[in-house]
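User: I would like to go through the labels used for this model one at a time, setting each against its definition.

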Amino acid sequence: MPKKVLTVDDSASIRQMVTFTLKSAGYEVVEAVDGNGGLARAQADNFDLILTDQNMPGMDGLNLIRALRKLPAYGTTPILMLTTESSDQMKSLGRAAGATGWLVKPFDPQKLLDVVKRLVG
């Protein structure tokens with residue numbers, strides 16, 4: 001059974017790149033266009049990994065991570081930030097919110113695959 005990944009990003013092109021990259025490697029991918037949609041999808045299904053952007057309308061990535069970490073099903077699920085934000089301060093806020101890791105856009109598809117494989121197999 002393939003591992004299921006939720007990707008949350010308001011950029012259609014980023015969602016397409018992530019989905020293409022992960023599906024090509026055998027992962028099942030579900031997309032959400034913002035944090036509110038991502039939270040709703042996560043509550044409706046179970047995911048092995050969540051990828052989220054930081055800067056999105058409505059609920060941003062940090063608030064999404066905080067909301068997910070409050071849910072029993074996502075207390076230990078790997079959550080990666082995939083964002084243009086690269087400051088140490090933002091990374092620190094991400095860790096405090098419960099992010100497992102941080103990837104900066106534009107991302108290298110092979111690096112994304114390496115990180116996902118390391119986290120969920």
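**Labels and their cut-offs**

Analyst: Gly26 has a relative accessible area of 45% and is therefore partly exposed, since that term covers values between buried (under 20% relative accessible area) and exposed (over 50%), computed with a 1.4 Å probe and protein chains only. Gly26 lies in the loop between H1 and strand S2 (28-32), where helices (H or I, at least four residues) and strands (E, at least two) are DSSP runs numbered from the N terminus. This is a predicted model, in which local features need pLDDT of at least 70 and side-chain atom pairs count only at pLDDT 80 or more, while totals for chains, interfaces and linings use all residues. Residues are numbered from 1 along each chain as its sequence is written, and side-chain values use heavy atoms, with hydrogens and water left out.

User: What makes Asp53 count as buried?

Analyst: The relative accessibility of Asp53 is 5%, so this residue counts as buried. Asp53 lies in the loop between strand S3 (49-52) and helix H3 (61-69), and, leaving aside residues up to four places away in sequence, its contacts (heavy atoms within 4.5 Å) include Asp9, Asp10, Thr83 and Lys105. An unreviewed UniProt entry annotates Asp53 as "modified residue: 4-aspartylphosphate", although such annotations may be inferred rather than shown by experiment.

User: Why are H1 and H5 called oblique to each other?

Analyst: Helix H1 (residues 12-24) and helix H5 (residues 109-120) pack at about 60°, with their axes 10 Å apart. Axes are lines fitted to C-alpha atoms, for helices over the stretch in contact, and angles run from 0 to 180 degrees between N-to-C directions. Angles under 35 degrees count as roughly parallel, over 145 as roughly antiparallel, 65 to 115 as roughly perpendicular and the rest as oblique, and H1 and H5 are therefore oblique. On the H1 side, Val18, Thr21 and Leu22 meet Pro109, Leu112, Leu113 and Val116 of H5.

User: How do you know that H3 is roughly parallel to H4?

Analyst: H3 and helix H4 (residues 88-97) pack at an angle of about 15°, and their axes are 9 Å apart. That angle makes H3 roughly parallel to H4. Leu62, Ile65, Arg66 and Arg69 in H3 meet Met90, Leu93, Gly94 and Ala97 in H4.

User: Which peptide bond is cis, and what is its omega?

Analyst: The cis peptide bond joins Lys105 and Pro106, with omega about -5°, and Pro106 is placed in the loop between strand S5 (101-104) and H5.
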